[in-house]
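Subject: Model handover

Hello,

Here is the structure we talked about passing on.

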Amino acid sequence: MTKKKYAVTVAGGGSTFTPGIALMLLEHMDRFPIRKIMFYDNDAERQEVVAQACRIYLKEHAPEIEFGYTTDPETAFTDIDFVLAHIRVGKYAMRELDEKIPLKYGVLGQETCGPGGIAYGMRSIGGVIEILDYMEQYSPNAWMLNYSNPAAIVAEATRRLRPDSKILNICDMPIDLEEKMADMCGLSSRKEMQVGYYGLNHFGWWHKIYDNNGNDLMPQIKEHMKANGFADALSDTNQHVDESWVHTFQKARDVYAVDPETIPNTYLKYYLFPDYVVETSDPEYTRANEVMDGREKFVFGECRRIVENGTSKGCAFEADAHATYIVDLACAIAENTQERFLLIVPNEGAVENFDRTAMVEIPCIVGCNGYEKICQGAIPQFQKGLMEQQVSVEKLTVEAWIEGSYQKLWQALTLSKTVPSARIAKLILDDLIEANKDFWPELK
Ligand SMILES: NC(=O)c1ccc[n+]([C@@H]2O[C@H](COP(=O)([O-])OP(=O)(O)OC[C@H]3O[C@@H](n4cnc5c(N)ncnc54)[C@H](O)[C@@H]3O)[C@@H](O)[C@H]2O)c1
Ligand SMILES: O=P(O)(O)OC[C@H]1O[C@H](O[C@H]2[C@H](O)[C@@H](O)[C@@H](O)O[C@@H]2CO)[C@H](O)[C@@H](O)[C@@H]1O
Ligand SMILES: [Mn+2]
């Protein structure tokens with residue numbers, strides 16, 4: 001029997017991740033056959049560069065795949081099976097402001113955490129909902145696999161505004177960290193482990209890790225965490241080589257020390273050590289600058305070279321190894337594989353002693369009808385306390401966006417563990433409003 005072939009739209013066609021994901025899709029055609037790839041972006045000029053290069057690559061490596069790119073929603077979303085969504089509303093220029101504005105007031109500046117994450121959330125909600133609506137209008141049976149950030153706020157917004165939509169919100173940070181933990185245990189892949197995990201996106205903990213024979217791997221992993229955090233297991237791929245990421249993996253040792261019973265997500269450093277993050281930040285040169293000078297220059301330079309040469313031969317692009325989870329997830333839906341993934345889903349009792357309406361990141365089993373949650377039981381007081389504060393920040397942000405409420409956004413910023421007072425929260429908020437006037441709803 002011939003296997004069904006799928007049509008995929010990449011939303012955020014001009015993303016720095018698009019070439020790596022396109023190459024990765026080609027590498028996995030044996031298990032996820034593709035008949036059409038379409039790129040969609042609302043920045044025609046930016047997308048053009050990436051798309052022209054990918055067109056050449058695809059023609060040379062998979063000419064049987066129909067390829068197109070567009071800024072027209074109907075063309076982008078008609079006759080498709082999956083939307084892979086990685087948009088960045090406001091692009092790096094706004095990420096830079098998200099990071100630099102809080103630093104002016106001695107508060108950390110980060111893409112998805114603290115005030116920067118809240119500001120980015122206020123921009124992303126509308127963009128992601130718009131794409132979801134296009135997908136439902138033109139391909140009502142399609143699924144959206146969303147990894148546009150800040151995933152926690154985007155997921156809460158989709159829960160509130162589009163509760164019945166076919167969208168799975170997922171993050172690749174736990175995947176990367178699980179690969180590192182598998183490496184610490186001498187396993188060749190995270191797929192040789194079964195994990196228990198609970199939290200919010202970029203705010204969670206592993207509480208159980210077994211190998212496929214049921215042996216407890218936590219003692220071994222804890223030894224590594226105690227000594228060097230995740231730094232013992234730096235990936236041998238070319239990802240995360242930037243110094244700032246290496247520091248993050250090392251700093252996980254101190255984050256782990258706060259609760260040695262669990263293994264923390266690296267993002268907890270922003271909430272548990274915000275003073276350290278501020279002290280080690282350069283307010284003139286943040287991660288956005290690093291990415292613009294590094295990944296963005298590299299990707300766009302390489303795309304332009306392919307177009308100039310008229311061939312992709314000798315190009316430096318590689319399939320994004322970490323992104324294979326996207327194919328795993330698409331296959332789980334398309335072929336009912338019932339594979340386990342950490343997804344960001346409505347709690348509804350899966351974390352027993354936590355807000356039922358929270359969007360939690362927990363293991364789920366995925367098949368053709370969506371996901372089933374795996375209960376994680378009751379969580380300890382420390383994690384519960386932190387999560388209650390952070391989930392309230394995320395919920396208030398979404399409420400502020402829906403209601404156009406200045407008051408609620410001020411409360412969200414004030415409640416963030418990264419912000420010292422309501423006074424500082426207000427100063428940051430007023431600067432963010434000015435910077436985001438082209439993107440946020442008007443706040444009253
Ligand atoms: N969840 C995860 O684990 C994970 C991992 C990596 C990256 N990401 C996310 O992927 C996204 C892309 O990251 P990047 O660094 O490549 O950014 P990028 O700026 O290079 O690409 C984003 C693209 O989205 C486009 N865009 C913005 N708003 C849009 C809209 N409303 N409709 C259509 N297109 C729109 C931009 O024009 C741009 O081309 C970000 O949201 C990032 O945070 C998530
Ligand atoms: O600062 P950036 O733009 O380099 O990265 C921010 C993103 O970091 C995480 O994603 C990593 C991922 O963990 C890794 O496996 C690989 O694919 O690179 C990604 C980007 O560096 C995080 O999960 C994302 O949400 C962030 O956007
Ligand atoms: Mn993430």
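**Around ligand 2**

Helix 12 gives the largest share of the shell around ligand 2, with 3 residues. Helices here are DSSP runs (H or I, at least four residues), and strands are E runs of at least two, numbered from the N terminus.

Before the rest, the ground rules. This is a predicted model, where local features need pLDDT of at least 70, side-chain atom pairs count only at pLDDT 80 or more, and totals for chains, interfaces and linings use all residues. Residues are numbered from 1 along each chain as its sequence is written, chains are lettered from A and ligands numbered from 1 in the order in which they are written, and side-chain values use heavy atoms, with hydrogens and water left out.

Which residues come nearest to ligand 2? Of the 17 around it, they are Arg95, Asn149, Asp172, Arg287 and Arg295. A residue counts as near if one of its heavy atoms lies within 4 Å.

- Arg95, at 2.8 Å
- Asn149, at 2.7 Å
- Arg295, at 2.8 Å

On its own, ligand 2 has 520 Å² of accessible area, and the protein covers 92% of that. Areas are Shrake-Rupley values with a 1.4 Å probe; for residues, only the protein chains shown count as cover. Two or more residues of the shell come from each of helix 7 (173-184) and helix 12 (287-309).

**Helix 16**

Helix 16 covers residues 422-435. Its 14 residues should span 20 Å at 1.5 Å a residue, and the end C-alpha atoms are 20 Å apart, so the two agree. The expected span is 1.5 Å times one less than the number of residues.

Ile424, Ala425, Ile428, Leu429 and Leu432 are buried in this helix. They lie on the same side of helix 16, because they cover an arc of only 135° around the axis. That arc is taken from the directions from the helix axis to the C-beta atoms. Buried means under 20% relative accessible area, exposed over 50%, partly exposed in between (1.4 Å probe, protein chains only).

The buried residues pack against helix 4 (91-104), helix 5 (114-138) and helix 15 (406-415). Contact means heavy atoms within 4.5 Å. Exposed Arg423 and Glu434 sit on the face turned away from the buried side.

**Ser281**

Ser281 is in the loop between helix 11 (274-279) and helix 12. Ser281 is partly exposed, at 26% relative accessible area.

Regards

Definitions and conventions:
Polar contact = N/O pair within 3.5 Å; in protein donor to acceptor, adjacent residues only side chain to side chain.
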